[in-house]
Amino acid sequence: MNDHALRLLLQDARLAELAAYPFDFDVERAGYGHVEPVRLASGGPLRIVAGDAGGGTYFVCEDGSVLYADSEGSAGIVGASVDEALEIMIGLADEEDYADADDEEDVSLERARTELRTALGFPERPRAELEALLDAALARTEPDFLLLNAEEGRAYDLIGPPPPPLWEPVLAAGRADLAALRATDRAVWDAVAEDPVRRRLALRAAQFDRAEGDLGLLRHLLRHEAGSSMTDELRLAAVLVGLYGGAEDLPLLDKVRRTDFDTACGLSELPGPDADPAELPRWAREMDDLLFGTDPADEPLYTWTDLAVDQGMTHHARCALIRRFDAIELDQGLLRRPDDPTRLDTAELSSLVDDFERIGEPGQALRVQRLHTALQETACDRVSARLTQARLEREAGLLPSADRTLAALRDTLAKPGDDSLGFWRGTSLGRYLAEEHFELTLALADAGSAEEARAVLGAAEAIRGELSESAARGVRELAERAAGRVRGLS
């Protein structure tokens with residue numbers, strides 16, 4: 001990290017004045033803070049070092065990179081260091097933006113540029129070179145420096161062009177392995193096939209880059225993928241092999257199908273070993289058209305976020321998931337059902353909740369779950385959604401919110417408005433409802449909220465009293481622990 005220029009600005013009032021005007025990098029504004037609380041999605045630290053006249057803020061990140069955020073909700077990396085960011089700003093400042101022709105005392109931009117550049121020890125670079133530096137800096141903003149509103153969790157818009165689609169960095173290793181597999185190095189074949197992540201990536205690379213000579217390596221990957229039971233990539237491998245239409249592959253595919261119960265169910269439509277050989281390529285083409293294809297942009301987001309997480313590219317997955325939910329939050333029409341545009345399909349929201357929990361983003365998971373809850377139509381779905389919301393709020397330490405959510409849940413149980421909750425007392429849902437009430441009781445007791453803990457315990461016992469005998473027996477130990485904890489409160 002190099003903050004030589006920043007130290008000079010803090011030590012020399014004349015240089016600080018020049019940086020503030022005409023170059024709009026004002027170190028005195030660092031004390032004002034940003035217009036709203038913000039944080040990096042990656043969790044990295046931010047340090048404010050300057051601001052501008054429009055309410056924008058310059059932050060230094062952990063690696064020394066400078067992140068600029070304006071007051072309208074856009075942000076981007078503008079330099080690999082304060083020195084580089086200042087050099088770019090000084091060199092690219094435009095007379096039309098900063099000069100005031102009506103002010104005779106206005107500082108000449110060129111004179112100011114020369115004075116400040118010399119004092120800070122910056123060389124005189126061609127404008128095109130500085131523009132290239134800025135473009136390279138902006139291109140590094142995601143995934144490591146995605147800025148969020150700290151209270152709402154929404155991402156700032158990017159200053160500059162968007163990053164490449166997620167599938168490009170995710171698929172890079174798979175493409176490299178596919179090229180190595182095609183080089184027929186058997187050691188590479190075994191290394192890739194025996195590694196679950198590399199194997200899945202190689203199969204995905206083969207999905208989008210199909211070659212006539214791939215049958216042997218696809219068979220090899222298929223045999224090994226069968227060991228992972230039923231996966232999307234196993235189906236993909238079967239389809240890619242089946243597209244060759246070889247009758248000799250029917251016994252292999254049948255053996256794969258019989259790996260275990262889940263695989264037998266998942267590949268139940270696969271032609272059997274005695275089928276007409278023409279059935280195999282017909283089945284493969286139908287599955288390919290329905291589920292796969294050759295354009296990575298057509299794959300559902302979870303394909304790439306799952307593979308990103310499996311490779312340790314969690315920042316990439318986090319950015320993509322946050323961006324996706326931001327888009328849904330702004331336009332719920334993205335959830336419209338293709339078969340009935342008057343209704344929304346909230347299944348994607350459930351998947352997003354699971355994905356955010358998987359990558360350790362409980363705040364984002366809760367944000368999604370609250371929208372998911374608000375969009376439920378039946379009483380059963382509202383109760384189930386509020387149950388998940390209450391759990392997430394409890395785990396986040398938002399105990400009053402969890403208490404209110406469970407109260408709303410109980411109101412729905414009392415007055416459902418439809419018949420979708422008719423059997424909750426004898427199902428696992430009833431047990432889960434009681435369990436969450438007892439869990440919240442314990443959390444409230446641990447927080448010293450005696451009155452609230454007693455109230456929730458009463459509601460929990462009332463729910464347990466309505467359960468079937470087996471469901472009530474399943475929560476007995478938790479109920480006794482919660483009751484004992486409440487009795488111990490003063």
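The radius of gyration is taken over C-alpha atoms, and the globule rule is 2.2 Å times the number of residues to the power 0.38. By this rule a compact globule of 490 residues would have a radius of gyration near 23 Å, whereas the chain has 30 Å. The model is predicted, so that local features need pLDDT of at least 70 and side-chain atom pairs count only at pLDDT 80 or more, while totals for chains, interfaces and linings use all residues. Residues are numbered from 1 along each chain as its sequence is written, and side-chain values use heavy atoms, with hydrogens and water left out.

The C-alpha trace spans about 85 × 75 × 45 Å along the principal axes of the chain. The chain contains 24 helices and nine strands (DSSP runs numbered from the N terminus: H or I of at least four residues for helices, E of at least two for strands).

The axes of helix H1 (residues 4–11) and helix H3 (residues 82–92) come within 6 Å and cross at roughly 75° (lines fitted to C-alpha atoms over the stretch in contact, with angles from 0 to 180 degrees between N-to-C directions). H1 is therefore roughly perpendicular to H3 (a class that covers 65 to 115 degrees). His4, Ala5, Leu6 and Leu9 of H1 and Val82, Asp83 and Leu86 of H3 make the contact (heavy atoms within 4.5 Å). This contact of H1 with H3 comprises five nonpolar, one polar and one charged residues (Ala, Val, Leu, Ile, Met, Phe, Trp, Tyr, Cys and Pro count as nonpolar, Asp, Glu, Lys and Arg as charged, and the others, Gly among them, as polar).

How values were computed:
Angles under 35 degrees count as roughly parallel, over 145 as roughly antiparallel, 65 to 115 as roughly perpendicular and the rest as oblique.
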